[in-house]
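Dear colleague,

Please find the structure below, handed over for your use. My notes on it follow.

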Amino acid sequence: RLKSVVTLRQLEKQLADHPLAPGGAARVLLVEDSPLQRKILAGYLTGEGIEVITAADGAEALRIAEQQRPDMILLDVVLPGMDGFEVCRHLKENPSLKDTPVVFITSRQGREEKIRGLECGADDFLIKPVDKRELLIRTHSLIRRKQLMDTLVNQASRDPLTGLYNRRQLALDLQRELSRAKRYSTPLALIMADVDFFKNYNDTNGHLAGDEILRQLAGLFVSNTRDMDTVYRYGGEEFIILLPQTDLAGAVAVAEKLRQKVEKHSFPHGEKQTGGRLTISLGVAVYPDHGRDAEGLILAADQAMYRAKKEGRNRYAT
Ligand code: GH3
Ligand code: MG
Ligand code: MG
Ligand code: MG
Ligand code: MG
């Protein structure tokens, strides 16, 4: 026999002591066609570190989910038009929404309904009338799981030193951008940048000072490229910038702009470098002219960068 069950008051205190998102509220999308039910459930959730956004039908739910990226979706099964199962299937087909936890709210207790829900990817079920404690416990646990997952996914794609995307993410993005470039017959440019005489910088100023240079370079690359472009830390002191829909002339302009920004930037101990400045050399390669697949394009940029080094550094080559 169960000894005790948490009271609503105890539960509310527990949740208040362990906020979901310190400094912000977690967002729950509540999809429910009955205005009364919407009001009751939103009331249960609001104020526990949760912000509730609502939708009254499936189409609206999909639109709002896409725009607002909730941390969890509470989904009524019986809805006008598209039912909850269909909404769930659409959510799971969308790469940017498929990992958002979905909890069905249903008054039907049938096993078949539950299996249908599980089949289309539901994470949990709540039976009407919904118990406030059960709603809060399940919501908090799923949101915590989602937030942990988001953190891990983010960490897997990033370089911890600079915060830039890593080589693993480059491989994924480059495949995607190459397919897009092929399909729409658009160019795709790749720039490789490598710090000049960086071993010398580290030997003179220490590895920690060297790390700071890499962080400052990352900042310069991100702030001097377009939102569409992505900067990656490719290796130790090598960076790659991927520039969709950019041809050779465009990419060369970016490479030269970055070269100048770095040359003009005042880095700590930069004056001790060869030539009195810290500089980079860049290699530019463009799909389809210089490479037709990921390896080919990276190799072409690497070889161009190597030529820039040989020709005297602090320059770009194609
Ligand atoms: P070059 O102009 O030919 O590129 O000369 P370089 O000295 O930059 O090239 P080399 O490949 O000989 O040395 C690269 C140096 O980059 C060696 C290593 O100490 C440094 N490096 C690589 N990764 C890191 C890092 O994460 N932090 C720091 N501080 N240094 C790094
Ligand atoms: Mg309904
Ligand atoms: Mg290098
Ligand atoms: Mg080198
Ligand atoms: Mg170098």
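This is a predicted model: local features need pLDDT of at least 70, side-chain atom pairs count only at pLDDT 80 or more; totals for chains, interfaces and linings use all residues.

Helices (H or I, at least four residues) and strands (E, at least two) are DSSP runs numbered from the N terminus. Asp33 counts as partly exposed because its relative accessibility is 31%, and Val78 is likewise classed as partly exposed, at 45%. The classes are buried for under 20% relative accessible area, exposed for over 50%, and partly exposed in between (1.4 Å probe, protein chains only).

Residues are numbered from 1 along each chain as its sequence is written, chains are lettered from A and ligands numbered from 1 in the order in which they are written, and side-chain values use heavy atoms, with hydrogens and water left out.

Overall form

The protein contains 11 helices and 10 strands. Its C-alpha trace spans about 75 × 45 × 30 Å along the principal axes. The radius of gyration is 26 Å, while a compact globule of 318 residues would have one near 20 Å; the value is taken over C-alpha atoms, and the globule rule is 2.2 Å times the number of residues to the power 0.38. Of the 318 residues, 45% count as buried.

The magnesium ion (ligand 5)

The protein donors of this ion are Asp194 (OD), Val195 (O) and Glu237 (OE), at 2.1 to 2.2 Å. Along the chain they follow the spacing D-V-x41-E. Asp194 also coordinates the magnesium ion (ligand 3), which lies 3.9 Å from ligand 5. Asp194 and Val195 are both buried.

Ligand 1

Val195 also has a part in the surroundings of ligand 1: a polar backbone atom of Val195 is 3.0 Å from an oxygen atom of the ligand. Corresponding distances to oxygen atoms of ligand 1 are 2.8 Å for a backbone N or O atom of Phe198 and 2.9 Å for a polar backbone atom of Lys199. A polar contact is a pair of N or O atoms within 3.5 Å; within protein, one must be able to donate a hydrogen and the other to accept it, and residues adjacent in sequence count only if both atoms are side-chain atoms. The protein covers 68% of the 650 Å² of accessible area that ligand 1 has on its own, by the Shrake-Rupley method with a 1.4 Å probe.

Strand S6 (188–195), helix H8 (198–205) and helix H9 (207–223) are the elements that each give two or more residues to the shell. H9 supplies the largest share, four residues. Of the 16 residues around the ligand, Phe198, Asp211, Arg233, Lys309 and Arg313 come nearest, a residue being near if one of its heavy atoms lies within 4 Å. By class, the shell has eight charged, four polar and four nonpolar residues; Asp, Glu, Lys and Arg count as charged, Ala, Val, Leu, Ile, Met, Phe, Trp, Tyr, Cys and Pro as nonpolar, and the others, Gly among them, as polar.

Backbone features

A cis peptide bond, with omega about -5°, joins Lys128 and Pro129. The bond from Tyr287 to Pro288 is cis too, with omega near 5°. Phe197, in the loop between S6 and H8, has a positive phi near 50° although it is not glycine. His269 also has a positive phi, near 65°, and is found in the loop between helix H10 (248–264) and S9.

Yours sincerely

Definitions and conventions:
Donors are N, O and S atoms within 2.8 Å of the metal (3.2 Å for Na, K and Ca); water is not among the atoms, so sites may look incomplete.
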